[in-house]
Amino acid sequence: MALAAVYSLAQAQTTLSLAQIQQQWAHCQYQQSSKKARESCFEKLVADNNDALKAHPKDEQLRVWLGINLSSQAGAKGGLGALSLVKEAKVNFEQVIKNAPNTLDGSAYTSLGALYYQVPGWPIGFGSDKKAKAMLKKGLAINPNGLDSNYFYADFLCDQGDKKAAKQYFEKALAAPKRPNRPLADEGRRKEILAKLKEL
């Protein structure tokens, strides 16, 4: 076996699996005590996710998660410095939508929709409530009972001032089936929903 092939095989074995990336996301998002710690946790995870995608360039699930991790890193970073990260995340989500839109129950639609309502509009960013609604609804059409698809649509409705509809979708998100391989993410998201319902 050629040396390059041995190296690439070793590299593939050291890259994180999708499940490990998902678990690490939950660790960064819900178990880091400070904004700074969360940002550096996501920075490392983005690098690891990039390595995994280089080893498996056609894996659309890894690409969705690269977009999610970039978005999460941007959220932790905040300010104008986060714009390049969300733009990179957007490119990854759009690529998945073009190639395999149903990947991970339409997560690329939901995640891109979330970016559209969270990112500032022109001339600073690409934010658009109209596009956000369209993307989030596509995500919901593919995954009508999902935790995240309902959570982000509810959060968008909240952002739009439609508290009554937001409450319905938050409650639907709470009733979503548990994901056996993602207990930490489920617990963290449910706590966020309960906090938002209290505010409503």
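In which handedness of crossing does α4 pass α5? The crossing is left-handed, meaning that the near helix is turned anticlockwise from the far one by less than a right angle.

The model is predicted, with local features needing pLDDT of at least 70 and side-chain atom pairs counted only at pLDDT 80 or more, while totals for chains, interfaces and linings use all residues. Residues are numbered from 1 along each chain as its sequence is written, and side-chain values use heavy atoms, without hydrogens and water. Helices are DSSP runs (H or I, at least four residues), numbered from the N terminus.

**α4 and α5**

Helix α4 (residues 60-77) and helix α5 (residues 83-99) pack at about 155°, their axes 8 Å apart. The axes are lines fitted to C-alpha atoms over the stretch in contact, and angles run from 0 to 180 degrees between N-to-C directions. The two helices are therefore roughly antiparallel (angles over 145 degrees). Contact (heavy atoms within 4.5 Å) involves, among others, Leu-66 and Leu-70 of α4 and Val-86 and Phe-93 of α5.

| Helix | Number of residues | End-to-end C-alpha distance | Expected span |
|---|---|---|---|
| α10 | 17 residues | 25 Å | 24 Å |

The expected span is 1.5 Å times one less than the number of residues. Gly-161, which follows α8, has a positive phi near 90°. The buried residues of α10 include Arg-189, Arg-190 and Ile-193; their cover includes α2, α8 and α9.

Methods
Buried means under 20% relative accessible area, exposed over 50%, partly exposed in between (1.4 Å probe, protein chains only). Angles under 35 degrees count as roughly parallel, over 145 as roughly antiparallel, 65 to 115 as roughly perpendicular and the rest as oblique.
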